[in-house]
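How do neighbouring helices in a chain sit against one another, and which residues make the contact?

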Amino acid sequence: MVKDQKVWIGNNEQGDNIFINPKMANRHGLIAGATGTGKTVTLKVLAEAFSDMGVPVFLADVKGDLAGMAAQGIDSEDMQRRIAKFSLAEAGFNYQRYPVTFWDVFGTKGIPLRTTVSEMGPLLLGRILGLNDLQRDILTITFKIADDNELLLIDTKDLKALLNYISENTADFAAQYGNISKVSIAAIVRAIVSLEIAGGDKFFSEPALNVRDFFTTGLDGRGMINILDSTSLINNGTLYSVFLLWLMSELFEMLPEVGDLDRPKMVFFFDEAHLLFNDAPKLLMEKIEQVVKLIRSKGVGIYFVTQNPRDIPDGVLAQLGNRIQHALHAYTPSDMKAVKAAADSFRENPAFKTIDMIQQLGTGEAICSFLDETGTPSVCDKVSILPPQSYMGAISEEVRDREIKQSILYTKYYEATDPDSAYEFFERKGIADMEEKQAEEEARLREKELAAQAKLQEKQAAAALKEAEKKKNQEAREKQRVIKSVGNSVAGTVGREVGKNMGGQFGKFGKTLGGNLGASLGRGILSTFLKGK
């Protein structure tokens, strides 16, 4: 509740009201305690009070019971006793519902909450995928290649398409980006496929969340309570924690510096906070500490909810100025160390021993210390926490569905879209490359066919030339044969005629000799005649 313009959290044993100063609410806080000690009620009381002050709230509903803030509280004997104990009726306590917007990464129990692969970034995405140092480096290079080539990485299929292209062309990228292991790329792709099988790919899509949509109010001016249904998301603790860290990072990057305000611009509750820090690499831890340290200057208060303060690293724990410690039980020496560590984080109250009081607290009781006007932690006090005004417990699916569809953000985010991005680029490039390759193959075949045709024509021309030469030679030989035959006939005739005449002159004795000589003489005369030709 809000009283005297402050967040009324409960009363101490003397009946004094205990408040959180709104001016110091952005100095972050811690709600710790064992299961069943009242952390959820405390969270609801704080969220209701901030909403009443007009401050938007974001919280994750891990068990499903925070959804009851959308419904009016129900009276009971126990509630009447608590109302009387705190004199709440005089303070204006009323059962009421609060303005609520339901969100869900998987889009089943709330408005789909999405982001893009590019906006998530390689550091957080590497954490979700469980990559080792080398694989995270390669993923970082992949994002750099996407930026350098103006490729949009919207969803997981975009990232896989780019990784596969890099794997097929590692030599082309080596000179500018260094050697890229195909084995590591294959491991990253397998991790992405595992995320898709688990349904995590639904988180990466358009339209991506604009965190400015958290900064809304109800019709009555109360701050909107944004509830992320995490009943399914919590099954993947890494995805759950990284997603909330991404939200905090988005708030940090989007909001301007505002300095000290009379009240925070937004309060962010991080339930099951230990999941954020489990096995987190050094680089991620540095990012978490940076965000927690600097985001308060943007007017955002972060409240970690966990079982044990030891779940929070010292570098982060030191920045949590407002602390609510519910009961812790020590059954082992290790448990006792945890209780002692929790007690040592408070300014000692001379009225009791903090370490003993933490173990004696009942349900709905807590040791509290809040920052005063000067930013100094107050002496710790035992406080009984107020009851919430909204419904305690889960709501029906009908009520949830009505709240979802009545939201002004429902139409903005409900329908997923698939814009032109890296996957489509490489799909077009693959088609273009295939067409180019096909054109090159067709050109090669045409060139081969033309070469074959030219060779055939050359062969045919050579054959025709050879045939013509052969025919010419045959004609020449035939001519020679004819001439020779004619020559022999003429020579014989002339010779015989000459011989006959000579024989007539020399008489009978020389007839034969003259005939032979005449024939030889005739052949010689004919031969000389032909040579002269």
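Predicted model: local features only at pLDDT ≥ 70, side-chain atom pairs only at ≥ 80, totals over all residues.

Begin with helix α4, residues 117–129, and its packing against α5. The two axes lie 9 Å apart, at an angle of about 160 degrees. Angles over 145 degrees count as roughly antiparallel, and α4 and α5 are therefore roughly antiparallel to each other. The crossing of α4 past α5 is left-handed. On the α4 side, the contact is made by Val-117, Ser-118, Gly-121, Pro-122, Leu-125 and Gly-126. Arg-136, Leu-139, Thr-140 and Phe-143 make it on the α5 side. Sorted by class, five residues in this contact are nonpolar, four are polar and one is charged.

Gly-121 can be looked at on its own. This residue is located in helix α4 and has a relative accessible area of 12%. Buried means under 20%, so Gly-121 is buried. In sequence, Gly-121 and Phe-143 are 22 residues apart, while their C-alpha atoms are 7.7 Å apart in space.

Helix α5, residues 133–148, also meets helix α7, residues 170–177. Here the axes come within 12 Å and cross at roughly 90 degrees. The range for roughly perpendicular is 65 to 115 degrees, and α5 and α7 are therefore roughly perpendicular to each other. From α5, the residues involved are Ile-141, Lys-144, Ile-145 and Asp-148. They meet Phe-173, Gln-176 and Tyr-177 of α7. By class, the contact of α5 with α7 has four nonpolar residues, one polar residue and two charged residues.

Conventions:
Residues numbered from 1 in each chain as written. Heavy atoms only, no water. Axes fitted to C-alpha atoms, helices over the stretch in contact; angles between N-to-C directions. Helix = DSSP H or I, 4+ residues; strand = E, 2+ residues; numbered from the N terminus. Parallel < 35°, antiparallel > 145°, perpendicular 65-115°, else oblique. Contact = heavy atoms within 4.5 Å. Nonpolar A, V, L, I, M, F, W, Y, C, P; charged D, E, K, R; others polar. Left-handed = near helix turned anticlockwise from the far one by under 90°. Buried < 20%, exposed > 50% of the residue type's maximum accessible area, 1.4 Å probe, protein only.
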